[in-house]
Amino acid sequence: MTTGYLWDEIFGWHDTGTGSLFPADPDVGHQPLNHVAHPDTKRRMHELVCVSGLIDHLTRIAPRPATQEQLRRVHTAEYIERIVRESAQPKGGDAGDGISPFGKGAHRIAALGAGSAIAMTEAVVSGAVDNGYALVNPAGHHALPETGLGFCIYNNVAIAAKHARAELGVERIAIVDWDVHHGNGAQAIFAEDPSVLTVSIHQDRCFPPDSGLIDERGTGPGEHYNINIPMPVGCGDGAYQYAAEAVIGPALHAYAPDLVLVASGFDPNAMDPLARQLVTTRGFVTLTRTVVEAARRSAGGRLVLLQEGGYSPIYVPFCGLATIQELAGVHVLDDPLLPVVGGMGGHDLEPHQKALVDRAAAFVADLR
Ligand SMILES: Cc1nn(C)c(C)c1/N=N/c1ccc(/C=C/C(=O)NO)cc1
Ligand SMILES: [Zn+2]
């Protein structure tokens, strides 16, 4: 098993400012604080991949900037032009929702992330590697054709999927989004496209507000090719394991994609500040096993994971390490936090959690 890995130091230079979710303001008591999406969390994940020795089992894939044409398969010319213009300003700008600030040069960094998603997809589809993990920054899965959102500038996973369809001869693609926030971008971009199955497992109505409801199932020819699993708050490893066994695995088996792309966010983790789930490294290993097996069955193992959210600088590195270990089929380090986060409860499957997953599981029967 050869697993590709991609990281570039400049992903650690994406400037998200201080406190933009809660701007520093003495009058309301907000002190300056790094933005939750500060790149240190992803840099720490990369450094753990290196220090643990896992890097020695991986094949390094070179980053590459996305071309205008590749960005334009998803985003409007006007939006790209605005990002380019604001990225040239000394104080940068904002992706579009007022809470996603970026510094000078952000277009260059975000375009490198989108192009790197393409580079990893090409490496996997060509067979240069069996599967791969691209640790890109900023995240992309909330970005829409005409605006950024939720810290996302360019929709990396959608850009990679469009490229695979347009340039690499890939017919059927499944996008699995296990970031704890709804994968609204891919859902919207591929809503009418049955050649791309989009599955999102996320905390119910966490972000974007009131997005990712279970009855959002695609439109027109794309109807039935979007599955949302809006998990109740407080879901741990047991609930995620059941969702993987009852929905994600069966949906991928029924759809039989030629390529599986994963929007890999670690913010379901039990120590994340931007959600209320309880997932540990065990849960991410289960999710990874599920997509590895699905890709093996129908896609010749072709599987690409792209980094999305995840905001615990303490736990995200271990969740990422566990995921890439499972992808590569090697084990270099146990999760030293598991005795703590695994011992705090919440990991049994609860009836209300099972009931929600069973509602989503019923949709698998409509896939062809
Ligand atoms: C501020 C503010 N004020 N209001 C009303 C709302 C809705 C605000 N944004 N909250 C947010 C914004 C982004 C995220 C997570 C993004 C991510 O990790 N995606 O994967 C979570 C909460
Ligand atoms: Zn997220």
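# Group meeting talk: sites, pockets and buried residues

Let me begin with one pair. The side chains of His-182 and Asn-228 are joined by a polar contact of 3.1 Å. A polar contact is a pair of N or O atoms within 3.5 Å; within protein, one must be able to donate a hydrogen and the other to accept it, and residues adjacent in sequence count only if both atoms are side-chain atoms.

Some ground rules. This is a predicted model, where local features need pLDDT of at least 70 and side-chain atom pairs count only at pLDDT 80 or more, while totals for chains, interfaces and linings use all residues. Residues are numbered from 1 along each chain as its sequence is written, chains are lettered from A and ligands numbered from 1 in the order in which they are written, and side-chain values use heavy atoms, with hydrogens and water left out.

**His-182**

Where does His-182 lie? In the loop between strand S6 (173-177) and helix H6 (184-189). Helices (H or I, at least four residues) and strands (E, at least two) are DSSP runs, numbered from the N terminus.

Is His-182 buried or exposed? His-182 counts as buried because its relative accessibility is 1%. Buried means under 20% relative accessible area, exposed over 50%, partly exposed in between (1.4 Å probe, protein chains only).

Now its contacts. Contact means heavy atoms within 4.5 Å. Leaving aside neighbours within four places in sequence, His-182 is in contact with several residues, including His-141, His-142, Ser-200, His-202 and Glu-216. Pro-208 is also among them. His-182 and Pro-208 are 26 residues apart in sequence, and their C-alpha atoms are 6.7 Å apart in space.

**The zinc ion**

Next, the metal. Which residues coordinate the zinc ion (ligand 2)? Asp-179 (OD), Asp-179 (OD), His-181 (ND1) and Asp-267 (OD), at 2.0 to 2.8 Å. Donors are N, O and S atoms within 2.8 Å of the metal (3.2 Å for Na, K and Ca); water is not among the atoms, so sites may look incomplete. Along the sequence, the donor residues follow the spacing D-x1-H-x85-D. Both Asp-179 and His-181 are buried.

**Cavities**

We work on a 1 Å grid over the protein atoms alone. A cavity is a set of points where a 1.4 Å probe fits but cannot get out, and a pocket is an open set with protein on both sides within 12 Å along at least five of seven lines. Lining residues have an atom within 4 Å of a point. Grid points are joined across faces, edges and corners, and a volume is the space filled by probe spheres set on the points.

How many cavities of 30 Å³ or more does the structure hold? Three. The largest cavity has about 100 Å³ of space. It is lined by 16 residues, and Ala-37, Lys-42, Asn-137, Ala-139 and Tyr-311 are the closest to its centre.

The second largest cavity has a volume of about 70 Å³. Its lining has 13 residues, with Asp-177, Gly-183, Ala-186, Gln-187 and Thr-198 closest to the centre. At least two lining residues come from each of S6, H6 and strand S7 (196-203).

**Pockets**

The largest pocket has a volume of about 310 Å³. Of its 17 lining residues, Gly-19, Leu-33, Asn-34, His-35 and Val-36 lie nearest its centre. The lining has eight nonpolar, eight polar and one charged residues. Ala, Val, Leu, Ile, Met, Phe, Trp, Tyr, Cys and Pro count as nonpolar, Asp, Glu, Lys and Arg as charged, and the others, Gly among them, as polar.

The second largest pocket holds about 190 Å³ of space. It is lined by 14 residues, and Thr-281, Ala-322, Gln-325, His-331 and Asp-335 are the closest to its centre. H8 and helix H9 (316-328) each give two or more residues to this lining. H9 supplies the largest share, five residues.

Thr-288 counts as buried because its relative accessibility is 0%. A polar atom of its side chain lies 2.7 Å from the backbone oxygen of Phe-284. Beyond four places in sequence, Thr-288 touches Trp-178, Thr-323, Glu-326 and Leu-327.

Last, Gly-132, in strand S5 (residues 131-134). Gly-132 is buried, with a relative accessible area of 0%. Among the residues that Gly-132 touches are Thr-3, Met-120, Val-304 and Leu-327.
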